[in-house]
Every structure is written in C-alpha cells, then in structure tokens.
Amino acid sequence: QVSELLGQVTSDLSVWSYLANRFRVDLFCGWFMRSGNEGLAISPKTMLALGQRSIQLELDIYGPYATDDA
C-alpha cells in the first residue's frame, strides 16, 4: 500500500527534500490484529523509499478485542 501511495506522487527526491525542510512529513498506519502476537514486516525497498523522502512512518498497533460470550 505504501508503494501504491508513493507511485501516485512525484519520485523527484529534490521535491521531497524541499517539502521535508518546510513541513513535517509522516505516514500514519493503523495495524489491527486479529489475534495476539501477530507481526508485520516492512520491506527494505519500502523503508528505503520512505527514508529517501524523509517520511517518518508512524504505526499504531491494536490488539484483538476480547469478546464476552457469557
């Protein structure tokens, strides 16, 4: 999904440098787990693309909700 987002905007790193010097650039993602102890992976390609653009990745991780069947 990150690659899809970045594919829709400029890949010109000088533009990203300008933006990062003027603004705080971040990407916020929520991760909703279905069960406990799930994991996620971010590929090196995605991390590089974010880093080259000075985009901070913010993650909120939500555990599964307990259900009361009583």
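**Close-up views of a predicted model**

**View 1. Arg-24 at the surface.** Arg-24 is exposed, with 66% relative accessible area. The model shown here and in the views below is predicted. Arg-24 pairs with Asp-26 in a salt bridge. Their closest N and O atoms are 2.3 Å apart. Asp-26 is partly exposed, at 29% relative accessibility.

**View 2. The salt bridge between Glu-58 and Arg-24.** The closest N and O atoms of this pair lie 3.3 Å apart. Glu-58 sits in strand S2, residues 56-62. Arg-24 belongs to the loop between helix H2 (13-22) and strand S1 (26-32). The pair therefore ties together parts that are 34 residues apart in sequence. Glu-58 has a relative accessibility of 24%, so Glu-58 counts as partly exposed.

**View 3. The salt-bridge network.** Arg-24, Asp-26 and Glu-58 are linked in a network of salt bridges. The salt-bridge count comes to two. Arg-24 bridges to Asp-26 and to Glu-58.

**View 4. The largest pocket.** The largest pocket holds about 320 Å³ of space. Helix H1 (2-6), S1 and S2 are the elements that each give two or more residues to its lining. S1 supplies the largest share, four residues.

**View 5. Lining residues of the largest pocket.** In total, 15 residues line the largest pocket. Nearest its centre lie Gln-1, Val-2, Cys-29, Ile-42 and Leu-57. By class, 10 lining residues are nonpolar and five are polar. No charged residue takes part in the lining.

Definitions and conventions. Residues numbered from 1 in each chain as written. Predicted model: local features only at pLDDT ≥ 70, side-chain atom pairs only at ≥ 80, totals over all residues. Heavy atoms only, no water. Salt bridge = Lys/Arg side-chain N within 4 Å of Asp/Glu carboxyl O. Buried < 20%, exposed > 50% of the residue type's maximum accessible area, 1.4 Å probe, protein only. 1 Å grid on protein atoms, 1.4 Å probe; cavity = no way out; pocket = protein on both sides within 12 Å on 5 of 7 lines; lining within 4 Å. Points joined across faces, edges and corners; volume = space filled by probe spheres on them. Nonpolar A, V, L, I, M, F, W, Y, C, P; charged D, E, K, R; others polar.
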